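This report sets out the architecture of a two-chain model for computational use. Please consult the sequence and coordinates shown here alongside the text.

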Amino acid sequence: MSIWLESTAIGVWTRESPSIWAYPTVLTLHTIGLGVLVGANAIIDLRLLGFAPRLPLPSLAPLYRFMWVGFAINAITGALLFAANATTKSTQPVFYVKLALIAGALVITGAIRRAVASDRSSSQQPARPAVLSARRLAIVSLALWTGAIAEGRLMAYL
Amino acid sequence: MSVGFRTAAAAALVAAGWFAAAAPAAAHHSAAAAYDETKHVEAQGTVARVLVRNPHSWVFLESTDDKGQKIEWQIEMGGAPSMAWAKDGLPIGAVVKVAGHPSRAPGTHGITGATFAKADGTPIGPRAGRGETPQP
């Protein structure tokens with residue numbers, strides 16, 4: 001499976017093209033997508049933790065569009081980078097840890113989105129338990145995304 | 001401030017960042033974990049294989065050690081965009097000299113940060129004349 005993936009035209013291109021538009025560009029886009037996806041997440045997480053309290057939470061809802069764009073960029077460029085060196089990456093434990101952390105982070109992102117959509121903080125009387133659980137979700141979200149980035153980076157070293 | 005100016009400024013920033021990021025593509029992370037950059041190693045051998053690929057390319061030289069045992073030098077290079085010179089510069093079967101930093105792993109023959117020269121000492125490749133060129 002990994003061997004087949006590496007032999008596909010797109011895998012060969014990403015791995016072996018001497019063009020600056022091949023691997024270097026794909027890797028750069030992967031970093032940009034990461035910045036957009038995790039950056040937008042971090043804005044909402046930090047807001048939930050009490051930063052920029054005058055920003056109404058519902059006004060941050062459009063950030064979820066950026067997250068989708070960032071996620072789409074990284075799903076595509078990530079697939080290319082995996083195809084380029086599938087036999088190596090598929091044997092790296094950190095790769096599976098990274099995927100698991102991303103899966104967990106996405107679940108948390110969904111949960112936070114529901115919390116943001118149902119937020120009543122603009123009505124001056126936030127429901128306390130809801131706010132507390134949102135803070136916990138925000139901390140877990142930041143931890144999972146940070147971990148996913150760290151595992152991704154470690155793939156180059158371990 | 002007009003939107004046009006801001007757009008242009010943003011585009012310029014993106015472009016500047018792009019070229020800054022693209023230039024050191026071959027040096028995107030430290031080799032110090034796997035290689036001892038305080039040590040210098042020189043070798044001579046026959047080009048057996050050249051793998052031009054991302055994120056790192058490899059050059060394999062067939063050689064013999066002090067005891068006459070056949071060994072293979074495994075030389076880790078930069079990504080494919082940095083290896084255009086190798087097609088003509090390192091033909092299979094050519095005898096070349098290499099200088100660089102040795103692998104930390106005992107019993108292996110890894111080299112990184114390599115510069116190459118022909119058997120007569122003529123430097124090969126874009127790093128020729130920079131760093132530590134192998135002695136003739």
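## Basis of the model

The structure is a predicted model, in which local features need pLDDT of at least 70 and side-chain atom pairs count only at pLDDT 80 or more, while totals for chains, interfaces and linings use all residues. Residues are numbered from 1 along each chain as its sequence is written, and chains are lettered from A and ligands numbered from 1 in the order in which they are written.

## Fold of chain B

Chain B contains two helices and six strands; helices (H or I, at least four residues) and strands (E, at least two) are DSSP runs, numbered from the N terminus. Read from the N terminus, the order of elements is α-β-β-β-α-β-β-β.

Of the 136 residues in chain B, 29% are buried. A residue is buried if 20 or more other C-beta atoms lie within 10 Å of its own, exposed if 12 or fewer, and partly exposed in between, with C-beta atoms placed from the backbone. Among contacts in chain B with a separation of 6 or more, 49% involve residues 24 or more positions apart; two residues are in contact if their C-beta atoms, placed from the backbone, lie within 7 Å.

## Strand pairing

Two strands pair if DSSP finds at least two bridges between them. β1(B) and β2(B) run antiparallel and are joined by five bridges, with B:Phe60 in β2(B) as the bridge partner of B:Arg49. These two strands form a hairpin with six residues between them. β1(B) also pairs with β4(B) in the antiparallel sense, over six bridges, and B:Gln44 stands opposite B:Lys97 in β4(B).

β5(B) has several partners. With β4(B) it runs antiparallel, joined by six bridges, and B:Ala99 faces B:Thr115 in β5(B). With β3(B) the pairing is parallel, over three bridges, and B:Ile75 has B:Ile111 as its bridge partner. Two bridges join β5(B) to β6(B), residues 123–124, in an antiparallel arrangement, where B:Ala117 stands opposite B:Pro123. β5(B) and β6(B) form a hairpin with four residues between them, and B:Gly121 in its turn has a positive phi of about 100°.

## Nonpolar cores

A nonpolar core is a set of buried Ala, Val, Leu, Ile, Met, Phe, Trp, Tyr and Cys residues joined through C-beta atoms within 7 Å. The largest has 28 residues, and those with the most contacts inside it include B:Val59, B:Leu61, B:Val96 and B:Phe116. Elements giving two or more residues to this core are α3 (23–48) and α4 (63–84) of chain A, and β1 (41–51), β2 (58–64), β3 (70–76), β4 (95–102) and β5 (110–118) of chain B. The largest share, four residues, comes from β5(B). Apart from this core lies another of 19 residues, among them A:Ile44, A:Leu48, A:Leu57 and A:Ala138.

In the interface, 14 residues of chain B are in contact with 13 residues of chain A. The side of chain B that touches chain A has 10 nonpolar, three polar and one charged residues. Here Ala, Val, Leu, Ile, Met, Phe, Trp, Tyr, Cys and Pro count as nonpolar, Asp, Glu, Lys and Arg as charged, and the others, Gly among them, as polar.
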